[in-house]
Each structure stands twice: as structure tokens, then as C-alpha cells.
Amino acid sequence: DSLYDLYDRLQTDNRFIDGQKSRPKDFVNGFCGRITKPVVWSGTNDELWYFITKILSLTTGNPPEFLIKTNRKRHWLVVKQLFINKYDRPFLDTIKNNNDPSIKSMDAIDCILKRFN
């Protein structure tokens, strides 16, 4: 349920995900290790980089464990499979180097993830 809520917040509140071209089920499946169909990221490359780095750093429990379990060495490969850009094109390997989102975007993503955690 939390991943469905996250999807809703990303596509409704801030339009980081194109809800017309993407389905919640595909987003949730991707974070559960079953990529079925790509999700359209309508935000910038920098915003996607920030979202991924933040969600992968979230922890829960005592002792803390990562909320999203993934192979930390291969997560950018998974990101490239799970997300496509608003022009229906895959992201390039350079997505991992896009690290300059605006303060407004970072605040919006932080607010969304705060509710998710």
C-alpha cells in the first residue's frame, strides 16, 4: 500500500510521474523486483537521480534496515529498466551523474518521501 501511495504522490501532487502513460501496478512491481512495463518519469534527470538516491537511503526498524532492498552496485541498471523519460526513451547510463536538482524539487521529493517513511 505504501508504494501505491508513493506513486500517487509522485504523479498527482508534483507530476514527477506521468499518470496518463504509467500505471501504479508497474511502479510497485518495479520496486518489488518485477519490472513489467516502464514508468514514465516526467521530471528532470536531476530529479530522478535525487529521488532514487533518497529512496534507497531510507531505513526503517531497529536495528535499521534499508526500506528498499536492492543490489547497491546495480541499482542504476534497474532504474534504467524501470523508468523512461517523457519522450518514451530510456535513460542513459549518465543518469547516475545527474546530481543538481533544484531546491524546490528536492523539497518536494523530501516531503513525499517523509510521508512514505
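Tyr7, Phe16, Phe27, Phe31, Trp41, Phe51 and Phe83 are linked by ring pairs into a cluster. Here, rings of Phe, Tyr and Trp (its six-membered ring) pair if their centres lie within 6.5 Å; planes under 30 degrees apart are called stacked, over 60 edge-to-face, and the rest tilted. This is a predicted model, in which local features need pLDDT of at least 70 and side-chain atom pairs count only at pLDDT 80 or more, while totals for chains, interfaces and linings use all residues. Residues are numbered from 1 along each chain as its sequence is written, and side-chain values use heavy atoms, with hydrogens and water left out.

Helices (H or I, at least four residues) and strands (E, at least two) are DSSP runs, numbered from the N terminus.

Back to the rings: the count comes to seven aromatic pairs. One of them joins Phe31 and Phe51 edge-to-face, at 6.4 Å centre to centre and with 85 degrees between the planes. Because Phe31 sits in helix α2 and Phe51 in helix α3, this pair ties together parts that are 20 residues apart in sequence. Phe31 is buried, with a relative accessible area of 15%, and Phe51 is buried too, at 0%; buried means under 20% relative accessible area, exposed over 50%, and partly exposed in between (1.4 Å probe, protein chains only). Trp41 and Phe83 also pair edge-to-face, 5.7 Å centre to centre with 85 degrees between the planes. Trp41 belongs to strand β1 and Phe83 to strand β4, so parts 42 residues apart in sequence are tied together.

What about the nonpolar core (buried Ala, Val, Leu, Ile, Met, Phe, Trp, Tyr and Cys residues joined through side-chain atoms within 4.5 Å)? The largest one has 30 residues, and Phe27, Phe51 and Phe83 touch the most other members. Elements giving two or more residues to this core include α1 (2-13), α2 (24-31) and α5, but α3 gives the most, with seven residues. Neighbours within four places in sequence aside, Phe51 is in contact (heavy atoms within 4.5 Å) with Leu6, Leu10, Phe27, Phe31, Trp41, Phe83, Ile109 and Leu113.
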